[in-house]
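Hi there,

Here is the structure I promised to pass on.

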Amino acid sequence: MKNTLHSQKRYRKPAMKWFAVLSSAALLLPAAWSPAYAQDTVPSRSAAAVASASESETVLKTFQSLLKKKNGIPEATAYLDKNISKTSPHHATLMVLYLENARKKALPTIDEKFYPGPIQLEFRTIFKENNSMNQLIQKAKTQKVKNLLTEARNYGYKVITSEGMYYLTMDYSTFEKYKDEVKEDIAAYIDIQSELSSKQMAKDAALTIGYQELVNRATLLESFVSSYPNSNRTQQIEGQFDLYKHVIFYGMDNTPLFDYVDGTIKPNAKKAYTFIAGLPNENNSELHNLLKEFVDVLKANDYKQTAEVTAWLDQHAPIK
């Protein structure tokens, strides 16, 4: 509902995650699923708690000025954390998207500081998967590495590793605190990015998640695009979906879908795809229909990459 010039914020039930995790006993997505939580709401804030349009505009302009300062991301983030509740959903959404853009733009510069040999060598002795940035800061042996990690944390990044290198990536869990303040599509976008970045899809050109999770993630991306075709982040989600779709049907360099020697599909992929194809497509997923067709073609070809299977892939899942 709108209160004169100001849109009131919608609160969602925090206990209800809108993404589904596939298991051998779970459906791909629940029936009548919506990618922005169930539309249940609780009474909105009182009029006294709703920000005025002028106050909201002031917060937005102050945030923008802080973000434009040299090395201003940490200060702008702290300001946003303290003041986002004073803004309209529209202004809150703008600020969160501005912050994401700024963090992405600054990432290469901050990341480059981690490349020198001594820094990389220290990470070999302290880094463990799933360590938080605070844990890494505590484990750091030199003040220089402590300072680099502290800066990266304050910018909203986290450390990951691949091919023997340690580098930074966006930590989307830091955006989760804004979900109740922004518009519905961006709240859903934050959920997706937080889920996808919680565990790397691949490392060293090899798949690091299971095939069921691979399809589940792709379905989340597909559902966002169909639910929010005009969202500011739809184009980005489409690009991510294309990547996941490619991996589903072709695999990766070090985890090809079909064996390089005899052309047989990976056993785990066969098991996962057959299971998913047998589920009811209650959400009218195009990817689900495509996967079902793929399984039918594979079955007719003894689950090997024959000329018929290759022709099907060229037609229905062409490499872009």
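Below is what turned up, going from the pocket to the helix contacts and then to the salt bridges. Please keep in mind that this is a predicted model.

**The pocket**

The largest pocket has a volume of about 860 Å³. Its lining is made up of 34 residues, and if you want to find the centre on screen, look for Lys-158, Ser-197, Ser-198, Lys-199 and Gln-200, which lie nearest to it. Several elements give two or more residues to this lining: the strands β3 (157–162), β4 (165–170) and β5 (202–203), together with the helices α7 (184–197) and α9 (234–250).

How do α4 and α6 lie relative to each other? The axes of α4 (residues 117–126) and α6 (residues 143–155) come within 11 Å and cross at roughly 85°, which means that α4 is roughly perpendicular to α6. On the α4 side, the residues in contact are Ile-119, Glu-122, Phe-123 and Ile-126, and they meet Lys-144, Val-145, Leu-148 and Leu-149 of α6. Sorted by class, that contact has 6 nonpolar and 2 charged residues, with no polar ones.

The other pair is α8 (residues 211–227) and α10 (residues 267–277), whose axes come within 8 Å and cross at roughly 45°. These helices are therefore oblique to each other. Here Tyr-211, Gln-212, Leu-214 and Val-215 from α8 meet Asn-268, Ala-269, Ala-272, Tyr-273, Phe-275 and Ile-276 from α10. The contact of α8 with α10 divides into 8 nonpolar and 2 polar residues, with no charged ones.

**Salt bridges**

Side chains of opposite charge can pair when their charged atoms come close. How many salt bridges does a search of the whole structure find? The search gives 10. One worth a look pairs Asp-81 with Lys-177, with the closest N and O atoms 3.1 Å apart.

Best wishes

How values were computed:
Residues are numbered from 1 along each chain as its sequence is written. This is a predicted model: local features need pLDDT of at least 70, side-chain atom pairs count only at pLDDT 80 or more; totals for chains, interfaces and linings use all residues. Side-chain values use heavy atoms; hydrogens and water are left out. On a 1 Å grid over the protein atoms alone, a cavity is a set of points where a 1.4 Å probe fits but cannot get out, and a pocket is an open set with protein on both sides within 12 Å along at least five of seven lines; lining residues have an atom within 4 Å of a point. Grid points are joined across faces, edges and corners, and a volume is the space filled by probe spheres set on the points. Helices (H or I, at least four residues) and strands (E, at least two) are DSSP runs, numbered from the N terminus. Axes are lines fitted to C-alpha atoms, for helices over the stretch in contact, and angles run from 0 to 180 degrees between N-to-C directions. Angles under 35 degrees count as roughly parallel, over 145 as roughly antiparallel, 65 to 115 as roughly perpendicular and the rest as oblique. Contact means heavy atoms within 4.5 Å. Ala, Val, Leu, Ile, Met, Phe, Trp, Tyr, Cys and Pro count as nonpolar, Asp, Glu, Lys and Arg as charged, and the others, Gly among them, as polar. A salt bridge is a side-chain nitrogen of Lys or Arg within 4 Å of a carboxyl oxygen of Asp or Glu.
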